[in-house]
Amino acid sequence: MRRWASLPGKFLRLPTERQGLLADAWWQLFVARLLLRLLPFRGLTKFLIKAPSRQFLRTDFERQQVRRKVSWAINLAAKYLPGETVCFPRGLAAQTMCRKRGINAILYYGAAVLPSEGLAAHVWVLDGDDGIVGHQTADKYRVLACFPL
């Protein structure tokens, strides 16, 4: 409960750009969690295979900045949402945020048999070889699908 009490003050002390990123991340995570509850996987694929809304030619430095900012916003926003925000909604939200900013990020869906968990699934998002969310443990999983194809 303590972390919620200080949230408005922390948010208002952020630079305006960061406030916008964080607000967008909260919204995208909310929508992603809602879609995952309401739609079967087949229904989700219609959102995942869509082409990006716009594509910019960005320098490597600009792409790196966008990846870092989106990762920061998703991970921080997920901490302050009620309930648990696991890898799938984080991946959906991160991919959407990247695409809105002109980066055609790829969402990967994988599975593995892990000694501690048994059969486990995981979602991560990459821009080329560079990770955005979930990539830290991706090497443990076998890719089953990626979106867009």
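Leu34 sits in helix H3, residues 16-38. Helices (H or I, at least four residues) and strands (E, at least two) are DSSP runs, numbered from the N terminus. This is a predicted model: local features need pLDDT of at least 70, side-chain atom pairs count only at pLDDT 80 or more, and totals for chains, interfaces and linings use all residues. Residues are numbered from 1 along each chain as its sequence is written, and side-chain values use heavy atoms, with hydrogens and water left out.

**Helix H3**

- Leu34 is partly exposed, with a relative accessible area of 39%. Buried means under 20% relative accessible area, exposed means over 50%, and partly exposed lies in between (1.4 Å probe, protein chains only).
- Leu34 belongs to a nonpolar surface patch with Trp27, Phe30 and Leu38. Together the four have about 460 Å² of accessible area.
- Such patches are made of residues with over 30% relative accessible area and no salt bridge; nonpolar side chains (Val, Leu, Ile, Met, Phe, Trp, Tyr) are joined within 5 Å, like charges within 9 Å. A salt bridge is a side-chain nitrogen of Lys or Arg within 4 Å of a carboxyl oxygen of Asp or Glu.
- Other H3 residues are buried, among them Leu22, Trp26 and Leu29.
- The length of H3 agrees with expectation, because its 23 residues should span 33 Å at 1.5 Å a residue and its end C-alpha atoms are 33 Å apart. The expected span is 1.5 Å times one less than the number of residues.

**Strand E1 and its partners**

- Strand E1 covers residues 106-114. Seven of its nine residues are buried, so E1 is largely enclosed by the rest of the structure.
- E1 runs antiparallel to strand E2 (residues 118-127), and nine bridges join them. Two strands pair if DSSP finds at least two bridges between them.
- A hairpin of three residues connects E1 to E2. Across this pair, Leu107 stands opposite Val125.
- E1 also pairs with strand E4 (residues 142-147), again antiparallel, over five bridges. Here Tyr109 has Ala145 as its bridge partner.

**The whole chain**

- The protein chain has six helices and four strands. From the N terminus on, the order is α-α-α-α-α-α-β-β-β-β.
- Of its 149 residues, 40% count as buried.
- The chain exposes about 9100 Å², and carbon and sulfur atoms supply 59% of that area. Accessible areas come from the Shrake-Rupley method with a 1.4 Å probe; for residues, only the protein chains shown count as cover.
- Among contacts with a separation of 6 or more, 67% are between residues 24 or more positions apart. Contact means heavy atoms within 4.5 Å.
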